[in-house]
Amino acid sequence: MTNLLSRLFGRGKKGSGATAKDRLRFVLQHDRINLPPERMEEMKREILAVIVKYLVVDKDRVEIDLEQRDRSHSKLVAEIPVAINTPPSVSNSANQSAAAGANGANNSADKDRAADADGNEDAQTDDAVDADVDKETEDAPIEQRENGEETKDAKS
Amino acid sequence: MGGKVVTISSGKGGVGKTTATANLGISLASLGKRVVVIDADIGLRNLDVIMGLENRIVYDLVDIVEGRSKLRQAMIKHKKFADLFLIPAAQTRDKMAVSPEDMVKVTDELRQDFDYILIDSPAGIERGFRNALEPADEVLIVTNPEVSAVRDADRIIGLIEAADKGPGRLIINRLKTDLVKKGEMLSSDDVFDILGLTIIGIIPEDELVLSASNSGIPVTLNLQSKAGMAFNNVARRVIGEDVPFMNLDENRGIFQRLVRLLDGR
């Protein structure tokens, strides 16, 4: 009976009080650090743009958020999933880091690493291969997308 | 140093600072305290009419500060309480006529003879607010359970903390219990979650507050009024009593009564 009446009178759905609370949280977050939402988004894009110059990042899973314990304690918390080539052995990892170091920020470093990983698949245990394959299938399209965007950014 | 200076502030206008100040003054006086209330809203004075003392004003705060009046000459005694006084704001000047140092000087003199000096702060974050904040030992922040009022309260709280006058305590004014139940208004818990400040009072919406301001007899003198009772509780908490919060739930709306009836509860 209560439920029926409640539904009849439009209860049970989220009231505007909850909306007010959400909106307040959002607006105060920005008030307190004196950074409006649009500028915050701009900052996030810039941070990410710097990181992808050096790392392969899963852009869809990137989270950069402001955490506020209270009025005077805010921190920026970033979770940026990075694609990692698991080094199969000590000697290979040494090679790899040397290769990455030699190439620096050069885009060809990605290709080198990919080739390196492929070449070592035989030596790995099944588990490692699985993980590697998963990673490869995940990484490949992202790398392409990233590179595409990078060139676009560079033009603009 | 004697008496304690309590500043009532809000950021946003129209949330009930002056009403709160008047009622706290009355309640503290009725608890046997010697009290002065100061209207710091120079240019827009109102505490006099809320307290029903508007026709007795001769001198005002600016007259004191500029030496045209002795402190005692400008203090207006309340009709009902021998130990309750008002220092009105000037109506023809602006906030710049008084400095924060002036306020410290005036209140330091009052501290010697009174238990509580309540300052009704003007809205805003400029000079008037600075004047009211400077002498404060404690700040009470009045807000309504509403987005813009809470936002402004947060801003004010930040400034109060920056001035080392924090943390301050919250008065949530004009809470509509029936709307909170329907989920259509921020609850006192919501406001606490957001602002993180101790709540010193929750004042329910009460039509008697309007009648009280119409007649110039603060609502806390009306024993029928829930808002009046709630203000009285705030005063008792100010003097350090541990007073439980009122149950604001007794006046059920027709809807709830109907539901209960049909549910056989």
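**Core and helix packing**

Modeller: In this predicted model, the largest nonpolar core has 79 residues, and Val36(B), Leu61(B), Leu118(B) and Ile141(B) have the most contacts inside it.

Colleague: Which residues does Leu118(B) touch, leaving aside its neighbours within four places in sequence?

Modeller: Leu118(B) is in contact with Val6(B), Ile8(B), Thr21(B), Leu24(B), Gly25(B), Val35(B), Val37(B) and Ile38(B). Contact here means C-beta atoms within 7 Å.

Colleague: Why is H1(B) called roughly perpendicular to H11(B)?

Modeller: The axes of helix H1 (residues 17-30) and helix H11 (residues 226-238), both of chain B, come within 8 Å and cross at roughly 65°. Angles of 65 to 115 degrees count as roughly perpendicular, so H1(B) is given that label relative to H11(B). The crossing is right-handed.

Colleague: Which residues make the contact between H1(B) and H11(B)?

Modeller: H1(B) contributes Ala20(B), Asn23(B), Leu24(B), Ser27(B) and Leu28(B). From H11(B) come Phe231(B), Asn232(B), Val234(B), Ala235(B) and Val238(B).

Colleague: How many residues of that contact are nonpolar, polar or charged?

Modeller: Seven are nonpolar, three are polar and none is charged. Ala, Val, Leu and Phe are among the types that count as nonpolar.

Colleague: What is the secondary structure of chain A?

Modeller: Chain A has six helices and two strands, in the order α-α-α-β-β-α-α-α along the sequence.

Colleague: What share of chain A counts as buried?

Modeller: Of its 156 residues, 7% count as buried; the label requires 20 or more other C-beta atoms within 10 Å of the residue's own.

Methods
Residues are numbered from 1 along each chain as its sequence is written. Chains are lettered from A and ligands numbered from 1 in the order in which they are written. This is a predicted model: local features need pLDDT of at least 70, side-chain atom pairs count only at pLDDT 80 or more; totals for chains, interfaces and linings use all residues. Axes are lines fitted to C-alpha atoms, for helices over the stretch in contact, and angles run from 0 to 180 degrees between N-to-C directions. Helices (H or I, at least four residues) and strands (E, at least two) are DSSP runs, numbered from the N terminus. Angles under 35 degrees count as roughly parallel, over 145 as roughly antiparallel, 65 to 115 as roughly perpendicular and the rest as oblique. A crossing is left-handed if the near helix is turned anticlockwise from the far one by less than a right angle, and right-handed if clockwise. Two residues are in contact if their C-beta atoms, placed from the backbone, lie within 7 Å. A residue is buried if 20 or more other C-beta atoms lie within 10 Å of its own, exposed if 12 or fewer, and partly exposed in between; C-beta atoms are placed from the backbone. A nonpolar core is a set of buried Ala, Val, Leu, Ile, Met, Phe, Trp, Tyr and Cys residues joined through C-beta atoms within 7 Å.
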